[in-house]
Amino acid sequence: MAALVNCAGNDDIGPGGPLFSSLMDSSLLLSLTYNFDAYCPPSKRTRISPLTCKAGEKTADEKQQLRSIDTLPDECLFEILRRLPGDKERSNSACVSKRWLMLLCSIRSSELAARKKHRNESAKNPLPDLNKDVSEDEQESENNGYLTRRLDAEEATDIRLASIALGTCSRGGLGKLVIRGSNSTQVTDVGLSAIAHGCPSLRALSMWKVPLITDAGLSEIADGCPLLEKLDLCQCPQISDKGLIAVAQKCPILTSLTIESCSSVGNEGLQAIGRCCPKLKSVTIKNCLHVGDQGITSLVSSASSSLERIKLQTLSISDVALAVVGHYGKNIIDLSLSGLQNVYEKGFWVMGSTLGLRKLRSISITCCNGLTDIALQAIAKGSPILKHLFVRKSCYLSDSGLSAFAESAKELENLHLEDCNQITLIGVLGALSKCSTQLKSLSLVRCLGIKDIAFAPVQLPSCMSLRSLTIRDCPGVTSASLQVVGKICPQLQNIDLSGQVGVTDTFLLPLIKSSDVGFVHVNLSGCVNVTDDLVTTLVKAHGSTLKMLNLHGCKKITDRSLLAIADGCSVIEDLDLSSCSVSDYGVAVLASARQLQLQILSLASCSKVTVKSLPFLGNLGQSMVGLNLQHCSLISTRGMKLLEEKLWWCDIIS
């Protein structure tokens, strides 16, 4: 101390002085300040501190900077954040960092509601002020699930889901969430848990190709979203029966379930759904290898009082499952069966013969070898109000079976046959002769057995009720077949002959002239031999009723057809001229027809349409909603942009 008092001056304690060398410890220097009083006149603070700190030591500013709320552990920060008063404050706080966002999303809505109720009860407010606007808390309480959110591919992340969960709380509540992922999608149970905690109003959840979601995430949804009504799972390999059991136990008002390509789902999950979901109306099970008779029979028998729609595709089920469907499906109105290779004729026959499908209105059977003539007849007898039949890729269905079915199906309105090569034109005519007066639509697609007949029957059936006829990609249908159709169906309004390359003007003219009511929709796409003569005749006969005309790929169609359409069509709305030989002149004529109210026009791959057509296309009018100019190489990019600016309300594809 004596040395300190007797110091000569500043040099003794300056750098290099005798005192400085003995007091290198910064803590000692700081301790001296408590016993040292000196007058210091006010001066400007130096930018660099004269004291030098040892390596590894933190300055006072750094220590002060660390004194932040982020230094708190998650448990403490969680307690602070969950005391925020409203949804707006929570949304603003979530913008601080990802950590705050995830912590806020871990707070269950039930906890917030309970705290809000406690706060309102503890507040001693007198009579409300009627002049005051509704408070934010009262507005935020009405989360009825009006919002829909969809995430595709790279958009689907846990952070995005957390943001959705927090952001929709004060905007009506999330009602429907759709996640369309990919093999690289990073959505995990963490993101799904955020939705479960923050969106109790969720009613529909659809997840496609989300490989990282497990039973834990689905269980969180079941716990936090008891109002869930629709669940759609596709390619979710880590979701098993455990997740479905949780949904069954916690979501009793589930009405629709779709499970597709979920390799871990088996019978136990479906059994639980059948037992615990009394309001289940629609079930779709596709390509689930571990689902068998036990799961399907238990589900159908348990939910028989409510189940209305069933779709079973590529499952390892047998005749037993179809027998149970036929016996317990007393409320089923729509049934779809596809790729059931282990179901034979007996299964279909028993399903129809049990007389349980009394309310069935529509049935679709695809690629099922068990569908035979006897089986189809049994289905018709067991379903007295059946209106729609769709049969695809049936190897054993023949003319006799089709005729017997038509005789029993008294209420049939729509008959669709696709890839049924045992069906011939004689069988179709026989079915038309026995069909009821309710049949309105007949579709024949890729039925190679349907060919022109050498002679027409003496007595042709009359089908006055038929309004729509589709003959697509049936190469054997040419002249004689269409002439017969025109004679027996004089009330046709909709004709689809797409892909019939053998059809010519001569063959179609009798069909056009035979209609008594006027064509409304005509599809001749792919009929490469159709010319302007046919279009001119069609417009003269049906121009006052024609609303849709598809001439895609008819390369013999030129501006002459557009002249006829502009002059004779008054109600046409949809015109497809893709890959036709029309030019700028034809477009100009079409645009100048003021009586036309075109809504959709396609000029894709029209090589003669150039930039000169753009002014005329711009004058098509306010009725245009769709314009297709793809592969029109003579239209520049700049011209296309100018057209888009002029027709700003129209959806232009270029």
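Trainee: What makes R150 and D152 a salt bridge?

Mentor: First, the ground rules. This is a predicted model, where local features need pLDDT of at least 70, side-chain atom pairs count only at pLDDT 80 or more, and totals for chains, interfaces and linings use all residues. Residues are numbered from 1 along each chain as its sequence is written, and side-chain values use heavy atoms, with hydrogens and water left out. Now the pair. A salt bridge needs a side-chain nitrogen of Lys or Arg within 4 Å of a carboxyl oxygen of Asp or Glu. The closest N and O atoms of R150 and D152 are 3.0 Å apart, so the label holds.

Trainee: Why is D152 called partly exposed?

Mentor: Buried means under 20% relative accessible area, exposed over 50%, and partly exposed in between (1.4 Å probe, protein chains only). D152 has 31%, so it is partly exposed.

Trainee: How do you know that R309 and E308 form a salt bridge?

Mentor: Their N to O distance is 3.6 Å. R309 is partly exposed at 38%. E308 is partly exposed too, at 25%.

Trainee: What makes D419 and R446 a pair that links distant parts of the chain?

Mentor: Their side chains meet in a salt bridge, 3.3 Å from N to O. D419 lies in the loop between β11 (414-418) and α21 (425-434), R446 in the loop between β12 (441-445) and β13 (468-472), and the two are 27 residues apart. Helices (H or I, at least four residues) and strands (E, at least two) are DSSP runs, numbered from the N terminus. R446 has 33% relative accessibility, so it counts as partly exposed.

Trainee: Which residues make up the network of salt bridges that includes R446?

Mentor: R392, E418, D419 and R446. The structure holds 10 salt bridges.

Trainee: Why is the pair of W648 and W649 called edge-to-face?

Mentor: A search of the whole structure finds 1 aromatic pair. The ring centres of W648 and W649 are 5.6 Å apart and the planes stand at 90°, so the pair is edge-to-face. The rule: rings of Phe, Tyr and Trp (its six-membered ring) pair if their centres lie within 6.5 Å; planes under 30 degrees apart count as stacked, over 60 as edge-to-face and the rest as tilted.

Trainee: Are W648 and W649 buried, exposed or partly exposed?

Mentor: W648 has 67% relative accessibility, so it is exposed. W649 has 26%, so it is partly exposed.
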